[in-house]
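Please look over the structure shown here. A short report on its fold and its side-chain contacts follows.

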Amino acid sequence: MKKAIAAAVIVGLLLVLTTTRFGIFIVFDVLGDVGSDNLPTDPTAGPLVLSGALRAKERIPLPESLEQASGLHVDGQHLYVSTDQAELFTLSHTGVEARPASRLLGGLLILRQGRLEGIAVDRNRLLGIGELGALRSWRYDGGRWRPTESTALPDGLENLEFTGITRFGTDLLATADDGLDIWNLGTGDRHQLDLGSYLRPGRSADELLVSGIAADASSVYLVTENYASILRVDPITWRVMDVWGIDAGESSDIAVLDGSAYVTVDHNYFDPRPPLLVYELPRSPDRPAW
């Protein structure tokens, strides 16, 4: 009898640790210490010289059920936010749910946690990347996102832990957690950024953790999880043109629309839910008007 009770307790404990958000918090943030690590967020203390500082012009509250925002895409109609639990929220531009949330990956919560990091949406097609070993795809049909056939990544890229994805023209560009490089998911090309005079003497760009990527018609933008900043990059020369410090804390992704940058902020399960932050991007002499 005691053995049966002990076995039931063990099974129940395993279920809690692998299928509930409280259990995942215990496994990753308490026992594993791999959650939000109180990263340095002061952009003036980072390895890059700043062009200036931006302060959020708008703070959009997100639904209480949206925990640990990871990926972000913004278009004229909706805000699309994915989470570390591989859920997708479709919101209005005021943060109200426009469609029911969708789970994009199956399996136990512990197996989904952190696997999906970046998203890109093109009408009714959703692309996702992260620790997936491939470019995953879903199509919105019948009121839900349904998985379609995955696309293999170029050789050598399947083992990268990607943090963000964006479309620039006909190219799909992505960032990974091992540096400031930008990867072309179609060709496999690796673009190393030219930091020029932005890198402080005696410091290394490897200190930065890039958590997201976005693009508009003329520039590519990176956001960093630590030393909170947005980098504007020339997509022809891959030279960093601007570095703006932001007041976002531990940023998780970025989207750009009509001259504004939208930034999601990471948090632990039981932290207060941070809003989606919106920044007005400065115009530069070498770029057209919005």
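## Terms and model

Buried means under 20% relative accessible area, exposed means over 50%, and partly exposed covers the range in between. Arg203 has 27% relative accessibility, so Arg203 counts as partly exposed. The model is predicted.

## Overall fold

The chain holds 3 helices and 21 strands. It has 290 residues, and 51% of them are buried. Take the contacts between residues at least 6 apart in sequence: 52% of these join residues at least 24 apart.

## Salt bridges

How many salt bridges does a search of the whole structure find? The search finds 6. One of them joins the side chains of Glu67 and Arg273, at 2.6 Å from N to O. Glu67 sits in the loop between strand S2 (58-60) and strand S3 (69-74), while Arg273 sits in the loop between S20 and strand S21 (276-280), so this pair ties together parts that are 206 residues apart in sequence. Glu67 is buried, because its relative accessible area is 10%. Arg273 is partly exposed, with a relative accessible area of 24%.

Glu207 and Arg203 form another salt bridge, and their closest N and O atoms are 2.7 Å apart. Glu207 is partly exposed at 27% relative accessibility. Arg203 is partly exposed at 27% as well. Asp141 pairs with Arg146 in a salt bridge, with the closest N and O atoms 3.7 Å apart. Asp141 has a relative accessible area of 47%, so it counts as partly exposed. Arg146 is partly exposed too, at 34% relative accessibility.

Ser260 belongs to strand S20, which spans residues 260-265. Is Ser260 buried or exposed? Its relative accessibility is 6%, so Ser260 counts as buried.

The side chain of Ser260 makes a polar contact of 2.8 Å with the side chain of Lys57. Leaving aside residues up to four places away in sequence, Ser260 touches Lys57, Ala255, Val278, Tyr279 and Leu281.

## Aromatic rings

A search of the whole structure finds 1 aromatic pair.

How values were computed: Residues numbered from 1 in each chain as written. Predicted model: local features only at pLDDT ≥ 70, side-chain atom pairs only at ≥ 80, totals over all residues. Heavy atoms only, no water. Helix = DSSP H or I, 4+ residues; strand = E, 2+ residues; numbered from the N terminus. Buried < 20%, exposed > 50% of the residue type's maximum accessible area, 1.4 Å probe, protein only. Contact = heavy atoms within 4.5 Å. Phe/Tyr/Trp six-rings, centres within 6.5 Å; stacked < 30°, edge-to-face > 60°. Polar contact = N/O pair within 3.5 Å; in protein donor to acceptor, adjacent residues only side chain to side chain. Salt bridge = Lys/Arg side-chain N within 4 Å of Asp/Glu carboxyl O.
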